[in-house]
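The structure comes first, and the entries follow.

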Amino acid sequence: MTQIFEFIMLICFGLSWPISVYKSITSRSTQGKSLVFILAIIVGYICGIIGKLSSGQLTYVLGLYIFNLTVVCADLVLYFINKKREEKTV
């Protein structure tokens, strides 16, 4: 039962990240983004992955952690691309 609730939590969080990536691409701006927040989320997902691996719980939930981490890392890359773009226009 715990896996189901964790799965639902990861789906809910995971839905927001592709939207964030889309907004980063279309806005071409870092406005409204927080580097500290993005990094904290990345650390959280890494800890979740380590927790799953260390407990031997290699289930579909681990896949969601990896997917979410990948999308948040893409948003991090876009953050730096957009930051550099903003610095050039100033």
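**Entries**

I first located Tyr-60, which is found in helix H3 (residues 60–89). Helices here are DSSP runs of H or I with at least four residues, numbered from the N terminus. I worked from a predicted model, in which local features need pLDDT of at least 70, side-chain atom pairs count only at pLDDT 80 or more, and totals for chains, interfaces and linings use all residues. Residues are numbered from 1 along each chain as its sequence is written, and side-chain values use heavy atoms, with hydrogens and water left out.

I then looked up the exposure of Tyr-60, and recorded it as partly exposed at 46% relative accessibility. In this scheme buried means under 20% relative accessible area, exposed means over 50%, and partly exposed lies in between (1.4 Å probe, protein chains only).

Which residues make the nonpolar surface patch? I noted Met-1, Ile-4, Phe-5, Ile-8 and Tyr-60, with an area of about 570 Å². Patch members have over 30% relative accessible area and no salt bridge; nonpolar side chains (Val, Leu, Ile, Met, Phe, Trp, Tyr) are joined within 5 Å, and like charges within 9 Å. The areas come from the Shrake-Rupley method with a 1.4 Å probe. Helix H1 (residues 2–27) gives the most to the patch, with 3 residues.

I next examined how H1 packs with helix H2 (residues 35–55): the angle is about 150 degrees, and the axes are 14 Å apart. The axes are lines fitted to C-alpha atoms, for helices over the stretch in contact, and angles between N-to-C directions run from 0 to 180 degrees. H1 and H2 are therefore roughly antiparallel, a class that covers angles over 145 degrees.

How many salt bridges are there? I recorded 2, taking a salt bridge as a side-chain nitrogen of Lys or Arg within 4 Å of a carboxyl oxygen of Asp or Glu.

I noted Glu-6 as buried at 17% relative accessibility, and Lys-52 as buried at 5%.

I found another between the side chains of Asp-75 and Lys-33, at 2.9 Å from N to O. This pair links distant parts of the chain, 42 residues apart: Asp-75 is in H3, and Lys-33 is in the loop between H1 and H2. I recorded Asp-75 as buried at 1% relative accessibility, whereas Lys-33 is partly exposed at 22%.

Key
Helices (H or I, at least four residues) and strands (E, at least two) are DSSP runs, numbered from the N terminus. Angles under 35 degrees count as roughly parallel, over 145 as roughly antiparallel, 65 to 115 as roughly perpendicular and the rest as oblique.
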